[in-house]
Amino acid sequence: ECFGELSLLHNIPRTADVIVHSDRAVVLSLSETNLQRLISGKSNLASKFLMNLARSLAMKLIRKRHHSQEF
């Protein structure tokens, strides 16, 4: 699951915190500076990362739209 992508893409403050309740979870962090390095240096990896980020955002929009139609 991705979170904080709006903050990363729009350079705005985060709107939420994440709390992990599992010893098996792995949390990765990516700064805007490192994202820019990734994009400028490793285009294949960057394209995969950005596609996954786009898919994650699309799924969040779909879930939000579906949830709002239930009411």
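Me: At what angle do helix 2 and helix 3 pack, and which word describes helix 2 relative to helix 3?
Reply: In this predicted model, helix 2 covers residues 32-41 and helix 3 covers residues 43-69. Their axes lie 6 Å apart, and the packing angle is about 125°. An angle over 145 degrees would count as roughly antiparallel, and 65 to 115 as roughly perpendicular. The angle of about 125° therefore makes helix 2 oblique to helix 3.

Me: How many nonpolar, polar and charged residues form the contact of helix 2 with helix 3?
Reply: Helix 2 contributes Leu35, Leu38, Ile39 and Gly41. These meet Ser43, Leu45, Ala46, Phe49 and Leu50 of helix 3. Gly counts as polar under the classes used here. The contact thus divides into seven nonpolar, two polar and no charged residues.

Me: Which element gives the largest share of the lining of the largest pocket?
Reply: The largest pocket holds about 920 Å³ of space. Of its 30 lining residues, those closest to the centre are Cys2, Phe3, Gly4, Glu5 and Leu28. Two elements give two or more residues to this lining, namely helix 1 (5-10) and helix 3. The largest share, six residues, comes from helix 3.

Me: Which residue meets Glu5 in a salt bridge?
Reply: Side chains of opposite charge can pair when their charged atoms come close. The count of salt bridges comes to two. In the one that includes Glu5 of helix 1, the partner belongs to helix 3, 55 residues apart. At 2.8 Å, N to O, the partner is Lys60.

Technical notes. Residues numbered from 1 in each chain as written. Predicted model: local features only at pLDDT ≥ 70, side-chain atom pairs only at ≥ 80, totals over all residues. Heavy atoms only, no water. Axes fitted to C-alpha atoms, helices over the stretch in contact; angles between N-to-C directions. Helix = DSSP H or I, 4+ residues; strand = E, 2+ residues; numbered from the N terminus. Parallel < 35°, antiparallel > 145°, perpendicular 65-115°, else oblique. Contact = heavy atoms within 4.5 Å. 1 Å grid on protein atoms, 1.4 Å probe; cavity = no way out; pocket = protein on both sides within 12 Å on 5 of 7 lines; lining within 4 Å. Points joined across faces, edges and corners; volume = space filled by probe spheres on them. Salt bridge = Lys/Arg side-chain N within 4 Å of Asp/Glu carboxyl O.
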